[in-house]
Amino acid sequence: MGPRAGPRVSLGLLLFVWLTVYCSRPQAAGFSQEGLEASRANLWANANASLLQGFWCQPASQLSRDELSALIRRMASQQVLLKAWQLCCLANLAALRGLQGDFLLHPPDLLLFYNLEQVREADCRAFTGRAARGDTELLANLPDQRAALQHAALACLGGPHRQLSASDLLLLGVLVCDMDASSIVASDPQVLQNLQRCPQLTPAQQAAINTLLASGRTVLGPPVSWNPAGLQALGPLATYISPSLWAQVQEAVGLDFFGSMVAACRAGQLSQRDARRFVTSFLEAETKAKSMSSRPKRGTATVRPCIHGNITAATLRDDLFLVRYDCSQLESCLGSQVLKANLDPLLQHPLPAECQRVIKAKLAQIYPSSVPEEQLRLITSLVYLYTHAEISLWNITSRDTVMALLASDVALENQTEAILQKFLDHKGKITSALLVAIGGSRLCWMSPQQIQAIRPSEFRLAGALDVSSCPQSRKDVLYSKAREAFSSTRSSAAYYHFIRPYLGGAPLEDLQHLAEANVSMDIHTFTNLNPHVLQSLSVDHVTMLLGQNVGDLQKARSHPTVSSWLRSLNRLALGKLGLDTDPASPASPTGPVPSTPGTRDTTLWASHLAATSGGSGNDGPYSGSPPAHLRCLPLAVALPSSLLWLLYWGSLGPFGDCSQGACTAASEDSTMLAPHAGKSGPVGGAGCQPGPGHRPQVQGTRPSPTS
């Protein structure tokens with residue numbers, strides 16, 4: 001974009017803002033408001049996924065009921081994956097417009113955030129079935145909402161202590177992922193199909209799966225009768241099978257399945273992490289079987305001679321390579337020249353940790369001074385084994401090398417800092433492209449000096465990076481850098497939008513200023529604030545800071561950060577927040593549930609959950625939609641996205657000097673992006689209403705991080 005280049009905000013966000021705000025300017029006389037709203041609703045019904053991905057609460061609050069309905073339905077049809085903070089706001093907007101009753105046409109993820117008390121008892125099965133297709137990990141910062149969702153779903157089926165049938169499990173979907181081990185074992189074996197969609201399983205759940213498989217109650221039968229097709233049907237659950245069960249499987253069946261799993265890993269269809277877990281368990285069973293059949297003689301050397309023949313390039317193409325060559329044989333049979341020439345195909349195998357250490361030792365023998373840079377790009381799965389001192393000997397001159405080494409999530413704190421330092425020592429620069437490529441989590445392990453060395457313009461261009469997993473000391477440094485990068489943003493709405501991911505390091509006075517700016521902070525950002533700073537915030541400041549999201553304290557009151565703050569309050573303060581006066585209880589806000597326009601007066605679903613307070617669809621500062629500008633509709637309908645983007649920029653006009661990289665789509669026109677900025681009204685849009693109160697990658701689910 002030349003001199004107007006700014007933060008790397010999504011094109012979808014820019015288009016979303018332009019279409020909602022530009023299209024909401026005063027209507028010329030003589031045109032029908034109803035006709036314009038109908039046309040705009042049709043526009044949202046045909047919006048592309050890129051635009052929808054940029055959903056932002058503040059401009060979306062300008063949409064009318066029909067427009068918002070069309071927007072939500074389009075998100076469902078396009079299967080747009082929104083983040084938790086976006087879904088929280090969208091759920092509230094839907095409730096304010098009386099749209100929650102149309103849940104069958106809404107994205108499953110969105111249903112997870114709806115007020116469960118406003119679901120009709122007659123609709124509980126339909127609602128549960130739709131919500132159970134969502135990603136419950138989105139509720140990671142709303143533990144009480146997540147628990148209430150499962151509890152209400154089980155109540156819909158007859159109670160939490162009822163043994164779950166196959167039809168029940170079909171309805172529950174991913175909600176089974178929170179079941180305890182005893183419930184898994186007692187359920188119909190269909191539960192294995194549900195568990196395949198879980199992003200992660202606890203050790204107790206893994207043990208329960210093995211208990212169920214060992215019982216012979218599943219379609220596979222007892223382990224001795226298992227076949228490759230049945231094992232394939234287990235999907236990612238096969239990676240959790242214990243060595244004791246593999247020892248009971250027929251050898252030919254086990255080897256056939258082993259080869260297929262390794263092939264899937266080498267083809268990129270199975271993560272190294274999951275494949276390595278499977279391989280380690282399978283080989284442990286093989287090793288025990290061999291040790292029982294042939295005990296080693298006394299006096300046998302520690303390093304066994306090569307028994308199966310020297311390893312060649314052809315050997316490494318065999319998917320059963322790791323069965324034929326254990327780690328001891330790998331050390332004895334792998335020559336230096338073969339290793340140098342075939343490092344990449346070798347490391348495509350999901351090597352157990354012991355075998356990885358063998359490879360590292362052999363590389364040290366081949367390259368006693370330092371591993372060449374071209375080879376460094378191939379050893380990403382071994383990086384975690386190298387010390388800071390060893391990395392200090394490497395020669396890292398290319399950004400591609402840095403991205404390759406840090407692409408995997410196995411590198412730990414000292415590796416990240418050391419790798420980046422070697423790159424910087426060779427006059428490398430940490431650019432926005434590099435930050436985006438290695439991800440926000442890598443910022444957690446950069447030294448404070450390395451973070452400070454990032455130019456503000458590069459930090460701005462990198463956009464929003466997820467640093468929520470960082471230790472507090474790094475969050476503090478990152479917030480300081482983000483504040484420097486975004487300080488020139490002209491409107492409070494735009495500033496909050498860009499600074500939000502880094503607020504975990506914000507000091508007390510900055511949070512107080514944000515509270516006075518009425519930003520309506522989402523609960524996910526709130527739970528990542530510095531717990532010590534949060535303890536110093538008054539009830540009034542927290543109420544102002546969260547704005548219309550204050551009801552989410554109920555949904556997150558078991559979160560450590562929230563519960564710690566709530567325990568510091570007295571009964572009067574808890575009552576002021578609309579919470580139960582016992583801070584240890586998960587009770588909900590007091591008051592009856594008002595009827596919502598667009599829904600029918602019914603007996604509420606799951607009456608065992610306490611009543612919640614809600615708002616009328618016609619109330620609140622964001623109900624309705626301003627009339628559209630006369631010129632908006634023909635342009636918005638006729639022009640392609642690229643021209644709309646240019647039109648957006650052209651409509652802004654000059655706003656100061658952009659030479660320092662401070663110009664942004666949000667900072668150049670505070671009126672365009674934040675018509676409610678300042679103290680006159682909430683900036684963040686409607687928040688969540690008061691409410692009650694991890695996985696191998698498989699088709700149809702969100703991808704999980706892989707090693």
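Visitor: In which helix is I391 found?

Guide: I391 is found in helix α25, residues 388-391. A helix here is a DSSP run of H or I with at least four residues, numbered from the N terminus. The model is predicted, so local features need pLDDT of at least 70 and side-chain atom pairs count only at pLDDT 80 or more, while totals for chains, interfaces and linings use all residues. Residues are numbered from 1 along each chain as its sequence is written, and side-chain values use heavy atoms, with hydrogens and water left out.

Visitor: Why is I391 called buried?

Guide: Buried means under 20% relative accessible area, exposed over 50%, and partly exposed in between, with a 1.4 Å probe and protein chains only. I391 has a relative accessible area of 0%, so it counts as buried.

Visitor: What does I391 touch, not counting residues up to four places away in sequence?

Guide: I391 touches Y386, Q415, A418, I419 and K422, where contact means heavy atoms within 4.5 Å. Q415 is 24 residues from I391 in sequence and 7.5 Å away in space, C-alpha to C-alpha.

Visitor: At what angle do the axes of helix α26 and helix α27 cross?

Guide: The axes of α26 (residues 399-406) and α27 (residues 413-425) come within 10 Å and cross at roughly 175 degrees. Angles under 35 degrees count as roughly parallel, over 145 as roughly antiparallel, 65 to 115 as roughly perpendicular and the rest as oblique. That makes α26 roughly antiparallel to α27. On the α26 side the contact is made by R399, V402, L405 and L406, and on the α27 side by T416, I419, L420 and F423.

Visitor: What makes the pair of F258 and F278 tilted?

Guide: Rings of Phe, Tyr and Trp (its six-membered ring) pair if their centres lie within 6.5 Å; planes under 30 degrees apart count as stacked, over 60 as edge-to-face and the rest as tilted. The ring centres of F258 and F278 are 5.7 Å apart and the planes are at 40 degrees, so this pair is tilted. F258 lies in helix α16 and F278 in helix α17, so the pair ties together parts 20 residues apart in sequence. Ring pairs link W246, F257, F258, F278 and F282 into a cluster.

Visitor: Which residue lies over the face of Y240?

Guide: R277 does, at 4.1 Å from the ring centre. A charge sits over a ring if NZ of Lys or CZ of Arg is within 6 Å of the ring centre and within 35 degrees of the ring normal.

Terms used
Axes fitted to C-alpha atoms, helices over the stretch in contact; angles between N-to-C directions. Helix = DSSP H or I, 4+ residues; strand = E, 2+ residues; numbered from the N terminus.
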